[in-house]
Structure formats: C-alpha cells, structure tokens
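Hello,

Here is the structure I promised to pass on to you. My notes follow below it.

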Amino acid sequence: MGLNNIQVKRVNRNNLLMYMLKTGQISKSSAAAALRLSIPTVTQCMNDLQAMGLVQEEGSMESIGGRKSIGYRCIRDAKVAVGVDITRTHVNIVVLDLSMGLLYSKRVNIRIHDEADSYEELRQIICRSIDESGIDKESILGLGISIPAIIDETGTGINGMHEEMRISYHLYDIVKDWFPFPVYLENDANSAGRAEIKRRGSLDNTVYFFVSPSVGGSIMIDGKPFYGKTRRAGEFGHMTLIPGGKKCYCGRIGCINSYCSTDLLSEHTDGNLQEFFRRLSGKDEVCVRVWEEYLDSMALAIHNLITSFDMEVIIGGYLGQFIGPYIEELEKRVEKIDHYIAKFDMIKPAILKYEASAIGAAGVFIEKYLSEI
C-alpha cells in the first residue's frame with residue numbers, strides 16, 4: 001500500500017530538514033535538485049518548517065547569472081537535548097542541537113551516592129550546566145541519562161547495575177520531578193554505540209566494544225542498539241575469557257572484565273589512564289610489560305567477538321581515546337589467533353573520544369523529534 005498525501009508531505013518535509021541539517025545555506029532550487037522534488041513542493045515544505053520555527057531566510061545565494069535566489073538555513077538550536085553520563089567517579093553533561101552538534105560540554109568529578117544531599121548536588125550540577133550553556137530552556141526536548149546499568153524497555157526502570165555504583169534503582173523517579181521536560185535512562189555502552197554510529201553516518205551492523213573501568217558493549221543493527229530478550233545484549237564484560245581465571249566483581253571467574261578493564265592499566269599510574277599511555281609511549285618498563293599482557297587479552301576478546309558476530313568491532317569507552325596508535329599491533333595479535341580474520345580490516349578505534357555516552361543519551365530525543373517532523 002502506498003503513502004497517502006499527508007504521509008508523503010511528512011516524508012518530504014523530513015527529508016528537506018535532514019538535508020538542511022547536513023548542509024549550510026541553501027536555495028529552494030538547490031534543495032529541489034538534491035532531493036528530486038518540485039519547486040512548489042520544496043516551497044510548501046519550507047513554509048511548514050518556517051512556521052515551526054526550524055528554518056529562517058538568510059540573505060541571498062551567489063548567482064552565476066540572473067536573479068539571486070533567497071537563502072535559507074536551518075535553526076539548529078531551535079530544539080536541543082541534554083545528556084548526562086553518570087559514572088563511578090564523575091558526571092559528564094552535554095547539550096546537543098538538532099544536528100547532534102555539541103553546544104556545551106562539562107565534566108564534574110563527583111561520585112553520586114544514594115543520599116538526598118548527593119542527588120541535590122546532581123540536580124544543581126545539571127541546572128548550572130543548562131544555565132551556562134546559554135540555551136533557551138523552552139527549547140529542551142528532554143534529558144537523557146546514561147549509566148552502567150541494564151535499563152528496561154520504557155527507559156525508566158533499572159533492572160541491574162554495576163555493583164560499584166551507589167545510586168538508587170529508582171533514579172528515574174527521583175530525577176523526573178526536577179524538570180518540566182521528559183527524562184530517559186539508557187545503558188552507557190548502548191548510548192556510546194548509538195552516538196558513534198550516528199557520527200560515522202553508517203547503518204552498517206557493528207559491534208561497539210565499550211572498554212572502560214567496566215567492560216560492556218552494544219550490538220548495533222541498522223544504526224540502532226539490539227537489546228535482546230532480557231535487555232542484556234552486549235554485556236561482553238561478563239563473557240568468560242579465561243576459564244578458571246581471575247575473579248570478576250560479578251562473582252564469576254575469568255570474565256572479560258577481569259582482563260580488559262582499563263583499571264588494569266591505570267592502577268599503575270595512580271588511577272590516571274592518560275598518564276599510563278604517556279609512560280607507555282616513553283617506553284616505561286612496567287607500563288610496557290603490563291600493556292603487552294593486556295593486548296594479548298584484548299586480542300582474544302576481540303577474536304571471540306568477531307567470530308561470534310562476524311562484524312566490524314569498534315573499540316570505544318576510555319580505551320577508545322588511546323587505542324588508535326596500537327590498532328596495528330592489536331590486529332597482529334588477533335591474526336596469530338586466527339589468520340583468516342586479518343584479511344578483512346575488522347578492528348577500528350572509535351571516532352568519538354569523549355562524552356560518547358552522554359551524547360548518545362541526549363541523541364535519543366533528537367532522533368525522536370526529527371523522525372516526527
């Protein structure tokens with residue numbers, strides 16, 4: 001069954017807005033040519049978007065002869081979304097515009113506890129950040145919160161959480177009354193994977209390997225996280241890597257988390273992962289020895305992921321900030337395990353080095369809004 005007239009108008013309007021978000025100033029004729037639409041159709045869509053406050057006239061376009069065309073530009077901050085990533089040791093806050101562009105970013109070193117005073121401090125941090133960003137509060141679509149937890153399908157309930165997180169399973173109920181806009185919870189790895197794929201502009205099926213103090217991941221299918229039947233898809237940190245090996249914080253033995261956590265690196269530099277890689281580049285003997293052992297574990301874990309999913313593996317999380325120069329060495333170690341895999345260039349460093357989880361959490365509201373235009 002084909003689309004009716006109203007649906008066709010919505011599709012055309014959405015396509016025009018998406019085109020304008022990716023480009024700068026445009027004319028009606030250039031948009032019509034790019035989208036293969038008639039000038040009257042583009043004119044009607046442009047009028048609709050202007051009425052919504054999403055598009056404005058902006059000067060004239062350069063002309064190669066004849067009358068200059070009126071220029072139009074998307075008002076990217078007409079709507080914005082706020083993202084908050086809560087970790088064991090700090091909170092990241094971002095504000096995104098409609099193009100997923102970063103309008104504001106801040107990191108606060110704080111550990112949130114399940115106490116009223118701690119939650120009040122979190123509320124104040126978010127409120128101050130919104131004020132500092134200078135955005136129109138009426139333009140906020142929602143607040144996305146990323147945490148290392150298993151989140152239910154409604155984005156409001158927590159079904160499981162990293163044991164070192166000291167926050168309430170009723171976090172949504174606590175936060176939702178702070179603000180007049182919607183609140184949504186998402187797993188940190190799924191948020192980061194969503195943001196990474198959005199930044200790459202790819203709908204390829206991909207495994208996002210989230211390597212931080214705790215290890216997880218997301219399975220991205222057609223640009224969206226695959227959650228699985230129990231919402232635990234991508235919990236790679238608790239797959240067994242070494243049977244009978246080290247004990248994991250979950251209580252089981254030999255988990256990937258016990259061999260690939262970035263804590264195994266930063267514990268040698270007083271918790272500073274950046275300092276570890278600085279010393280590693282300087283050929284510090286201890287860091288080199290630790291890194292060699294760590295790479296062997298990473299290679300085995302990545303081999304298992306590629307063998308299981310037959311997809312490209314993107315390494316993100318804290319490790320994603322530093323892994324780029326070592327990808328070739330990592331590939332060599334994977335090749336020693338399985339020579340066949342090496343032919344397909346399957347391992348990539350993340351493009352987003354910072355704030356990926358917060359960006360992904362905010363992006364949920366941007367994507368929803370744009371899909372409904």
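**Salt bridge in a helix**

E196 and R200 form a salt bridge (a side-chain nitrogen of Lys or Arg within 4 Å of a carboxyl oxygen of Asp or Glu), with their closest N and O atoms 2.6 Å apart. Both sit in helix α6 (residues 188-200), four residues apart, or about one turn of the helix. Helices (H or I, at least four residues) and strands (E, at least two) are DSSP runs, numbered from the N terminus. In total, the structure holds 17 salt bridges.

This is a predicted model, where local features need pLDDT of at least 70 and side-chain atom pairs count only at pLDDT 80 or more, while totals for chains, interfaces and linings use all residues. Residues are numbered from 1 along each chain as its sequence is written, and side-chain values use heavy atoms, with hydrogens and water left out.

**The largest pocket**

The lining of the largest pocket comprises 38 residues, with H90, R107, P213, Y318 and Q321 nearest its centre. A pocket here is an open set of points on a 1 Å grid over the protein atoms alone, where a 1.4 Å probe fits, with protein on both sides within 12 Å along at least five of seven lines; lining residues have an atom within 4 Å of a point. β5 gives the most to this lining, with four residues. Among the other elements that each supply at least two are β3 (80-86), β10 (206-211) and α13 (356-371).

Best wishes
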